[in-house]
Amino acid sequence: MSVSIEAAPHWEQIGARKREALAASIPEEWRIPADLLPPASQDDVTTWPETSGWFTEDELAITQQTAADLVAQLVTGKLTAEDVTRAFCKRAAAAHQLTNCLSETCFDRAIATARARDEHFARTGKPVGALHGLPISLKDNFHLRGLDATVGFSSHVGDAAEDDAALAKLLEDAGAVFYVKTNVPTAMMIAETVNNVFGRTLNPRNRKTTSGGSSGGESALIVMKGSPLGVGSDIGGSLRIPAACTGIFTIRPSFGRFPVRNCRSGMPGQEAVASVNGPMARTLADVEFYSKTVIDSQPWLYDAKCVPLAWRPAQLPQKLKIAVMWNDGMVRPTPPVARALRDTVAKLKAAGHEIIDWDPSDQKEGAILLGRMFVADGGKAIRHELGRTGEPFRPEMQAYEEATELGTWEMWKLHGERTEYQNRYLDRWNAAGIDAILCPTIPFPTVKSTTFKHVAYTGVFNVLDYSAVSFATGHHVDKSIDGLDGTYEPLSDTCKAVNEEFDVDLLDGLPVSLQLVARRLEEEKVLAISQRVLDTLSE
């Protein structure tokens with residue numbers, strides 16, 4: 001007697017079925033009519049919602065507002081949670097059809113939650129909490145009951161969560177409404193958002209370019225105003241890189257400020273460099289509003305890994321001392337980023353702040369440490385998940401495919417190197433007496449899809465576990481002045497490739513971001529400094 005054992009579904013079949021299910025989850029009334037779809041050749045689709053005629057005036061009025069403005073009206077009953085939620089559900093559906101930014105929808109849950117918020121307000125005259133009725137989008141790795149968290153692996157399709165992540169519970173307790181989750185790269189370990197399940201997320205400002213990774217689904221959705229406020233995660237730049245690629249705002253907090261319990265990791269158990277989560281929004285004020293709301297909700301009661309540290313309003317000196325890292329010693333920033341950095345420094349000096357140069361000589365060691373910690377398991381965690389369905393390594397993950405596993409003793413030594421590096425950096429910081437470091441977030445505004453290189457500007461600060469903000473400077477690429485000139489000298493082969501591949505014509509008009517970094521657990525301070533810099537830039 002022979003027993004037939006059905007082979008596991010092939011990864012391609014799994015992905016195709018998942019994509020079909022995602023498309024089918026969008027109600028017919030939120031599917032863009034074929035005659036209104038922008039042509040595939042239209043690179044910038046950010047203005048399509050306002051010009052298409054498909055959205056009502058009320059839907060546009062709601063979705064154009066910031067999170068803080070929406071909450072101010074929701075908590076007073078000027079807007080209903082259901083109206084706001086339906087508007088963002090429709091706009092998120094549109095954003096997905098134009099940029100492929102979603103991984104899951106839960107529209108029924110969202111509308112039911114919104115109605116419950118409205119019923120509570122009608123009955124009591126009071127909001128549920130500080131986020132009453134506010135739709136918040138979540139990156140794919142946050143568990144929401146009944147939904148997958150594939151983190152880009154076909155092996156996780158159909159493995160629906162039984163409970164919500166701790167952060168989701170905290171946000172829902174504060175009144176938030178969940179309606180979508182957003183796309184990520186495989187294992188969340190690629191600086192562009194692409195995987196074998198959902199495919200590639202495009203940058204809505206220019207669909208030939210990347211929205212960054214690994215929180216690139218969030219950045220694309222937020223730029224399309226399909227979310228007033230989203231939550232991503234960051235282990236090597238995964239909040240700051242997509243924020244910079246799309247010209248929005250984010251904070252990478254130190255580990256322990258925001259809860260990480262019951263989130264899915266692409267490399268579970270990897271704690272040599274901590275993964276954190278944080279907000280992404282179109283304004284710095286919304287990033288601060290979210291951060292204060294989460295910390296005021298006592299996240300240490302939701303997650304044992306959170307530190308019981310209350311929100312501490314920053315008291316800044318009138319004159320800041322800021323160190324400028326013009327380059328990281330490995331890759332020079334491309335012309336528009338270098339120009340934005342020069343202009344920002346000039347305005348800070350003119351405003352009376354003290355500016356010093358930051359020696360980048362330690363950055364390369366930090367970048368190497370990051371890379372060694374990422375592949376310390378020899379790529380086994382990723383290989384195991386891929387192997388379950390026969391899914392191949394993506395070309396962007398060559399380092400994981402070729403890595404050699406470290407033994408326990410070797411890993412302990414690596415931890416020791418990391419700690420020594422952290423302490424040496426702290427000593428340098430203290431000796432300089434600085435408030436923050438100002439530097440690029442990435443060497444370019446964004447890049448053509450498939451060509452992203454160099455995450456060291458962000459990743460080194462993950463090794464240090466420093467608080468860091470990526471902010472839009474108000475500068476934009478200008479092809480008339482931002483071409484590579486004859487004085488450029490590369491610092492490395494990667495530097496040469498980054499600058500030679502810089503396409504000023506492709507990127508013309510796109511926003512330019514920079515990064516501000518403070519020490520560990522100085523979220524309040526780095527947000528306050530960022531606001532001071534933005535105020536200076538606007539004068």
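Visitor: In which hand does H10 pass H19?

Guide: The model is predicted. In it, the crossing of H10 over H19 is left-handed.

Visitor: How is such a pair of helices described?

Guide: Two packed helices are described by the angle between their axes and by the distance between those axes. Here helix H10, residues 284-296, packs against helix H19, residues 523-538, at an angle of about 165°. Their axes are 11 Å apart. Because angles over 145 degrees count as roughly antiparallel, H10 is roughly antiparallel to H19.

Visitor: Which residues of H10 and H19 meet?

Guide: From H10 come Leu284, Val287, Glu288 and Ser291. On the H19 side they meet Leu527, Ser530, Gln531 and Leu534. By type, this contact of H10 with H19 consists of four nonpolar residues, three polar ones and one charged.

Visitor: How far is leucine 527 from proline 38?

Guide: The two are 489 residues apart along the chain, and 37 Å separates their C-alpha atoms.

Visitor: And serine 291, is that residue buried or exposed?

Guide: Serine 291 lies in helix H10. The cut-off for buried is under 20% relative accessible area, so serine 291, at 1%, is buried. With residues up to four places away in sequence not counted, its contacts are Ile251, Phe258, Pro279, Trp311 and Leu527.

Visitor: Now the cores. How many residues does the largest nonpolar core have?

Guide: The largest nonpolar core has 94 residues. Those with the most contacts inside it are Leu134, Ile136, Leu138, Leu171, Leu438 and Phe471. Helix H5, residues 81-99, contributes the largest share of this core, 10 residues. Apart from this core lies another, of 43 residues, including Phe153, Met373, Ala376 and Cys439.

Visitor: What does leucine 138 touch?

Guide: Setting aside residues up to four places away in sequence, leucine 138 touches Leu144, Ala168, Leu171, Phe178, Val180, Lys181, Thr182, Glu218 and Val231. One of these, Leu171, is also listed with Leu138 among the residues with the most contacts inside the largest core.

Notes
Residues are numbered from 1 along each chain as its sequence is written. This is a predicted model: local features need pLDDT of at least 70, side-chain atom pairs count only at pLDDT 80 or more; totals for chains, interfaces and linings use all residues. Side-chain values use heavy atoms; hydrogens and water are left out. Axes are lines fitted to C-alpha atoms, for helices over the stretch in contact, and angles run from 0 to 180 degrees between N-to-C directions. Helices (H or I, at least four residues) and strands (E, at least two) are DSSP runs, numbered from the N terminus. Angles under 35 degrees count as roughly parallel, over 145 as roughly antiparallel, 65 to 115 as roughly perpendicular and the rest as oblique. A crossing is left-handed if the near helix is turned anticlockwise from the far one by less than a right angle, and right-handed if clockwise. Contact means heavy atoms within 4.5 Å. Ala, Val, Leu, Ile, Met, Phe, Trp, Tyr, Cys and Pro count as nonpolar, Asp, Glu, Lys and Arg as charged, and the others, Gly among them, as polar. A nonpolar core is a set of buried Ala, Val, Leu, Ile, Met, Phe, Trp, Tyr and Cys residues joined through side-chain atoms within 4.5 Å. Buried means under 20% relative accessible area, exposed over 50%, partly exposed in between (1.4 Å probe, protein chains only).
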